[in-house]
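Work through the exercises below with the sequence and the model open. Each task is followed by its solution in steps.

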Amino acid sequence: MTDTSGATPIGRRTVLIATGATAAALAVGAAAPEAPTADAAPAAAAVCTLTKEMTEGPYYLDGQYVRADVTEGKPGAPLKLTLTVVDDDTCVPLSNALVEIWHCDALGEYSGFVGNNGHSEPDDGTFLRGGVLTNSGGVASITTIYPGWYRGRCVHIHVKVHTNVTLTSDGSFTGGRELHTGQLFFNETITGRIAALSPYSTNTVTRTTLAQDGIYDEGGAASGLLTLTALGSSASSGYAGTLTLGVEQS
């Protein structure tokens, strides 16, 4: 199953603003990231560029946990996401917005749907799913692993932004307003290095590249391409991924 099955793009406007010097100039209030290493793959610079949202796809599940670490012990290269949410009209950061992500594991399997990519593994319905509330600077920091891939799609992460949610006693959330549904994408050179590592290398499904993907539109940061910075001297050490998401509030 791919994200293109019966799915149509969502019509609300959104803007994705590149991190780095542009975001700093807009004073979103986030701490400046460390200087990229030679292994960094920066997304193309963009300024308040409106772009379509991305399809939610068939693998979304309601009621996931509010938590900063969604890995649940899943093997893979570490990925430290820093996503900054701002108002697209004013570029003012949005605090207490829930940034929710979900993605497949190294073998291309989604929790709640294990087996759709041809692998048999335990399925609790929650691994690699969850979200956090943004801080006063609009920043959401989430720890996960570099995603794998499945048939027909390039490597990606799904993301939603909600406001005015109510946290529940079981660690989840309810209610609120959904402002944005999109996807995050990854530099192909870095993905190639990750694909050579175990357990990614045991995924026998042919990998779709960014250029081959039917959803990514080659728009760089404006279409969700992360800026990736190496966390160590090898791909197995993982990466930090940053992006600023501008959302339509009106």
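Buried means under 20% relative accessible area, exposed over 50%, and partly exposed in between (1.4 Å probe, protein chains only). The model is predicted, so local features need pLDDT of at least 70 and side-chain atom pairs count only at pLDDT 80 or more, while totals for chains, interfaces and linings use all residues. Residues are numbered from 1 along each chain as its sequence is written, and side-chain values use heavy atoms, with hydrogens and water left out.

**Exercise 1.** Determine whether Gly 108 is buried or exposed, and list what Gly 108 touches.

Step 1. The relative accessible area of Gly 108 is 4%, so the residue counts as buried.

Step 2. Leaving out residues up to four places away in sequence, Gly 108 touches Asn 117, Trp 149, Tyr 150 and Asn 203 (contact: heavy atoms within 4.5 Å).

**Exercise 2.** Classify the ring pair of Tyr 146 and Tyr 239.

Step 1. Rings of Phe, Tyr and Trp (its six-membered ring) pair if their centres lie within 6.5 Å; planes under 30 degrees apart are stacked, over 60 edge-to-face, the rest tilted. The structure holds eight aromatic pairs.

Step 2. For Tyr 146 and Tyr 239 the centres are 6.3 Å apart and the planes stand at 65 degrees, so the pair is edge-to-face.

Step 3. Tyr 146 lies in the loop between strand E6 (139-145) and strand E7 (156-163), and Tyr 239 in strand E12 (residues 239-247), so the pair ties together parts 93 residues apart in sequence. Both Tyr 146 and Tyr 239 are buried.

Technical notes. Helix = DSSP H or I, 4+ residues; strand = E, 2+ residues; numbered from the N terminus.
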